[in-house]
Amino acid sequence: MLTISHLSHTYPNGTRALDDVSLDIPPGMFGLLGPNGAGKSSLMRCLATLQLPSSGSVRFDGLDVLAQPEALRATLGYLPQDFGVYPRVSAEDMLDHLVVLKGVAGRGERRATVEALLRQVNLWDVRKKAVAGYSGGMRQRFGIAQALIGNPRLIIVDEPTAGLDPEERNRFNDLLVTIGEQVVVILSTHIVDDVTDLCPRTAILVGGRIVESGTPAELIAALAGRIWQAGIDKADLPAARERHAVIAARLRAGRTVVRVLADEPGRCPAPGFEPAEPTLEDVYFSTLHRLRARQEA
């Protein structure tokens, strides 16, 4: 169990990236949703012991993470949003180097570890190719391979599927699900579908604060009867935004389809609207809409 209690962080320039964040994260996949600039990467860096928060505490299976960062690093796997590689070094040699840094000294053990990891992420056949020449999806799978060195019990992945094509995204997500069966895996992302597909528990971080948390089913059930949709002309979208709580608008077959949050369950916002089954994306967008409305009030 990872327990985050009243975690806050303010950067030297005065930016308050985290504001009293508290979460209990059990083993399995946990999704952290939030828009760009919400504080997700700051939280991930604090959990990965790459920066010390201004206040609060983090405990993992009884370990005081902030007081004993080296102890956590021994059981931590981390895939940051961006990671650099040596331009001409092969995946096999790069991973071998990282295995040494993780403390595996014996040549035979290193070779066995490298082979097992590259096979696990389906990169064994391209192990002699430079990582710098990999596609985006292949690089992310290499990133997971290095995060798995030492059989970590806590794995943090920050925006892992951003920029991947649908096939690579599905392959990467399948890999995460397999990994997350036995350990704590925190998936930080702004892609709602990834959390819907993978995570039994989730939280939404906005402006450095946790504004919603629970199981996707619980969060979706809270919107039952409140999501309505209609097709309108694109020119009518500004007027629709003035009259209704429009949480999303998409162009489909030449028409703009808007999804609206009703004030009360079962209450149709206007003629022409039809009830729609809520999704986690509706939870996410309605949460952002509510917070923006508060700020503007």
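**Note on the predicted chain**

1. Surface. The accessible surface of the chain is about 14,800 Å². Carbon and sulfur atoms account for 49% of that area. Keep in mind that this is a predicted model.

2. Overall extent. The C-alpha trace spans about 70 × 45 × 35 Å along its principal axes. The chain has 297 residues, and 47% of them are buried. Buried here means under 20% relative accessible area.

3. Secondary structure. How many helices and strands does the chain have? The total is 10 helices and 14 strands.

4. Contacts along the sequence. Take the contacts between residues at least 6 apart in sequence. Of these, 68% join residues at least 24 apart.

5. Charges. There are 33 positive side chains and 35 negative ones. The centres of the two sets lie 4 Å apart.

6. Cavity. A search of the whole structure for cavities of 30 Å³ or more turns up 1. The largest cavity holds about 30 Å³ of space.

7. Cavity lining. Which residues line the largest cavity? They are Gln229, Ala248, Ala249, Arg250, Arg252, Val257 and Arg259. Two elements each give two or more residues to this lining: β12 (246–252) and β13 (255–261). The most comes from β12, with 4 residues. To see the site in the model, look for Ala248, Ala249, Arg250 and Arg252 among the lining residues, then find strand β12 at 246–252.

Technical notes:
Residues are numbered from 1 along each chain as its sequence is written. This is a predicted model: local features need pLDDT of at least 70, side-chain atom pairs count only at pLDDT 80 or more; totals for chains, interfaces and linings use all residues. Side-chain values use heavy atoms; hydrogens and water are left out. Buried means under 20% relative accessible area, exposed over 50%, partly exposed in between (1.4 Å probe, protein chains only). Contact means heavy atoms within 4.5 Å. Accessible areas come from the Shrake-Rupley method with a 1.4 Å probe; for residues, only the protein chains shown count as cover. Lys and Arg count as positive and Asp and Glu as negative; His and the chain ends are not counted. The place of a charge is taken as NZ of Lys, CZ of Arg, CG of Asp or CD of Glu. On a 1 Å grid over the protein atoms alone, a cavity is a set of points where a 1.4 Å probe fits but cannot get out, and a pocket is an open set with protein on both sides within 12 Å along at least five of seven lines; lining residues have an atom within 4 Å of a point. Grid points are joined across faces, edges and corners, and a volume is the space filled by probe spheres set on the points.
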